[in-house]
Each structure stands twice: as C-alpha cells, then as structure tokens.
Amino acid sequence: QFEVAKSLFDKEKYIRSQESFQLLVLKASHTEIGDDALFYLGESYFFNNEFPMAISKYEQLIRRFEFSSYVEKARWRICEGYVAESPKYFHDQSSTHRALEKIQEFLDDYPDSDFSRRAQGTISNLRNKLGTKKYETGVLYMKLRAFDSALIAFNEMLDTFYDTPSAKLAHLGIIQCHSK
C-alpha cells in the first residue's frame, strides 16, 4: 500500500496520494513505515499548496517520531510553508514574522544544514518585505500630513530594518518630514 501511495505521489497525483497516505498513517503509524507515511502525507499537502495542512502533518511527524531521518527536512518544509503563506508587504505580516521565527529556530538547531544558505537568503527577503512595509507606513503618514507619526515610522524602520534597501529611502523620508 505504501508503494502504491508513493507511486501516486511520484506521478504528482497529490490528492489521491493524500488519501492513501492518510490511510497508512492511521493503520501503520506504529510500524517501520509510520514516519515515511506521515512525511509523504505532509509532502502531498505541501506540493498541492495546502500549506497549513502540510505544516500540521510535519509537526505531527516531529512530535511522534522525533528521531526520524525526516525531521530536519520536515522542519525546513515548515519554514517554507510559513514563507509561502507570507502575504505581500501591504497586508498583515504576522505570517512573515512567524516564518522568520521558524527559520531562525531551524538555523539554531541545524546550523550546518544543507538548507542553511537558502534559509539565510529567505531571511533577507522577508526582512526586506517587512522593511518595505514599515517604510510605506511612513509614506502613508506623510500623505496624511501626519509628519510626527511618519518620523516615528521611519525611525522604527531604521532601528529594525537598517540593512534593507528601504533604509536609504527612510532617511530621505526623515529629511522630508523635518523640512515640512
């Protein structure tokens, strides 16, 4: 049954493989293929862009099979799931903050991982997004002619996201606020 489910997964028939792996998780979670079935169930959800379900299955794998060979990859997939759920900068960024937190935890636990370089790049991209959000907040305050609030937003941006491309723009925004 595992081979059939894996074959469906390999053929990118993720919904059908989800059904098969779900049955295996229920039937064989106490056997030697229990962690395999749970990992591939998470992968089926992940590659079908059902990130909350994938994250849930990966977390279940980590809790149930903490010594499995899949734990490191499952932890990275959790990070990727949160990154995929991170919206554009002009929306609420709680998912972005959660993604940053999970990636940092991953790097703390697996500093020499094969995924470390990608994790660092992802952190940079997420920080750029958050910096842009904070900068645009300052711009919005300037348009509303609330220059004191704009100054606060620009200064917060520089305090937290000093290493992002928006930092130079925030400096210019501060100068404009003082001149107005």
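Buried means under 20% relative accessible area, exposed means over 50%, and partly exposed lies in between. The model is predicted.

**Exercise 1.** Determine in which helices Arg75 and Asp109 lie, and classify each residue as buried, partly exposed or exposed.

Solution. 
Step 1. A salt bridge joins the side chains of Arg75 and Asp109, with an N to O distance of 2.7 Å.
Step 2. Arg75 belongs to helix α5 (residues 71-85) and Asp109 to helix α6 (residues 94-109), so the pair ties together parts that are 34 residues apart in sequence.
Step 3. The relative accessibility of Asp109 is 46%, so Asp109 counts as partly exposed.
Step 4. For Arg75 the value is 16%, and Arg75 therefore counts as buried.

**Exercise 2.** Which parts of the chain does the pair Lys134 and Glu156 tie together?

Solution. 
Step 1. Lys134 and Glu156 form a salt bridge through their side chains (2.9 Å, N to O).
Step 2. Lys134 is part of helix α7 (residues 116-143) and Glu156 of helix α8 (residues 147-160), so the pair connects parts 22 residues apart in sequence.
Step 3. Lys134 is partly exposed at 25% relative accessibility, and Glu156 is partly exposed at 36%.

**Exercise 3.** How many salt bridges does a search of the whole structure find, and which residues are linked in a network?

Solution. 
Step 1. The search finds 8 salt bridges.
Step 2. The network of salt bridges links Glu43, Arg77, Glu80 and Arg118.

**Exercise 4.** Examine the phi angles of Glu12 and Asn49, and state where each residue is found.

Solution. 
Step 1. Most residues other than glycine have a negative phi.
Step 2. Glu12 is not a glycine, yet its phi is positive, about 60°. Glu12 is located in the loop between α1 (2-10) and α2 (14-28), and its relative accessibility of 57% makes it exposed.
Step 3. Asn49, likewise not a glycine, has a positive phi of about 60°. The loop between α3 (34-47) and α4 (51-64) contains Asn49, which is exposed with a relative accessible area of 55%.

Methods. Residues are numbered from 1 along each chain as its sequence is written. This is a predicted model: local features need pLDDT of at least 70, side-chain atom pairs count only at pLDDT 80 or more; totals for chains, interfaces and linings use all residues. Side-chain values use heavy atoms; hydrogens and water are left out. Helices (H or I, at least four residues) and strands (E, at least two) are DSSP runs, numbered from the N terminus. Buried means under 20% relative accessible area, exposed over 50%, partly exposed in between (1.4 Å probe, protein chains only). A salt bridge is a side-chain nitrogen of Lys or Arg within 4 Å of a carboxyl oxygen of Asp or Glu.
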